[in-house]
Amino acid sequence: MSDFRTKSERFLRVDKQLLETHYEGVLRNFAPQLFPMWHMARWSPLVDGPAGRAKPDEILVKDDFSDWLVVEVELAHHSESHFENQLAALAEASYSTDSAIKSALRALSNRADEKTLTRMITEVRPGLLCIVDSDSQVLEQICRESGFLLAVITPLRSDKGTWAVQEVRIPQLLKAQTAGLSEFNLRVVDEMGSHCFCELPRLFPQGTEVLVRFADVTHSFSQFS
């Protein structure tokens, strides 16, 4: 989409003149609409791991504190080496250090008490999310190899200075599920003979009676950890 119009404004894609820090601010401003049931906050502690040191950009915390995500915000025109180095470092970093926990407590001080937040950070392993301003096959491949979910959210601005965003891709984990509805779109990762192997999302319900519809045929489904 190149542009769209309302009765009073014309919105255009914001390209390379957009700074990454400005893009982060736009995302935080639209976070309640983009990520229902999650809270987004600026979070940039220095973390360390086998692949080196790095700083994430944001933190996403589920409203009930059952899950949280380390968020890296990128612009698609950055170099491939920048993507690789940053995501590799964040993927292998430790987030349970005193400095990272204290930083998260400051960022989320208005969301819950210190005990609840500390328990979440120390007991729940965070997911990894990369948000980019436009589609990038290079970044998509690097995210897949590094274990990152990928969201593509395009910033738009009108001739009157109003901001908007286009949701190009949002991971299923961040979408609100309708109450009582337990339907998921599963990604097929391999097929061997009559067997089909799918990747389950982090919040996929555990149970023994799970049915999957594939090519309009319903099958029983076995889960493997």
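Partly exposed here covers the range between buried, under 20% relative accessible area, and exposed, over 50%. Arg111, at 38% relative accessibility, therefore counts as partly exposed. Keep in mind that this is a predicted model.

- S7 spans residues 68-74, and seven of its seven residues are buried, so the strand is largely enclosed by the rest of the structure.
- Both of its faces are covered: one side carries Trp68, Val70, Glu72 and Glu74, the other Leu69, Val71 and Val73, and all of them are buried.
- Strand S6 (residues 58-62) pairs with S7 in the antiparallel sense, over four bridges. Within that pairing, Leu60 sits opposite Leu69 of S7.
- The hairpin of S6 and S7 has five residues between the strands, and Phe65 takes a positive phi near 60° there.
- S7 also runs parallel to strand S8 (residues 127-132), with six bridges joining the two. Here Glu72 faces Cys130 of S8.

**Glu58 and Arg28**

- These two side chains form a salt bridge, with the closest N and O atoms 2.4 Å apart.
- Glu58 belongs to strand S6 and Arg28 to helix H1 (residues 20-34), so the pair ties together parts that are 30 residues apart in sequence.
- Glu58 is buried, at a relative accessible area of 0%, whereas Arg28 is partly exposed at 30%.

**Asp63 and Arg111**

- Asp63 and Arg111 meet through their side chains in a salt bridge, at 3.8 Å from N to O.
- The pair links distant parts of the chain, 48 residues apart: Asp63 is in the loop between S6 and S7, and Arg111 is in the loop between helix H3 (98-107) and helix H4 (114-123).
- Asp63 is partly exposed, with a relative accessible area of 42%, and Arg111 is partly exposed too, at 38%.

**Arg169 and Glu140**

- Arg169 makes a salt bridge with Glu140, and their closest N and O atoms are 3.6 Å apart.
- Arg169 comes from strand S10 (residues 163-169) and Glu140 from helix H5 (residues 137-146), so this contact ties together parts that are 29 residues apart in sequence.
- Arg169 is partly exposed, with a relative accessible area of 29%, and Glu140 is partly exposed at 27%.

**A salt-bridge network**

- Glu24, Arg42 and Asp57 are linked to one another in a network of salt bridges.

Terms used. Residues numbered from 1 in each chain as written. Predicted model: local features only at pLDDT ≥ 70, side-chain atom pairs only at ≥ 80, totals over all residues. Heavy atoms only, no water. Buried < 20%, exposed > 50% of the residue type's maximum accessible area, 1.4 Å probe, protein only. Pairing = 2+ DSSP bridges. Salt bridge = Lys/Arg side-chain N within 4 Å of Asp/Glu carboxyl O.
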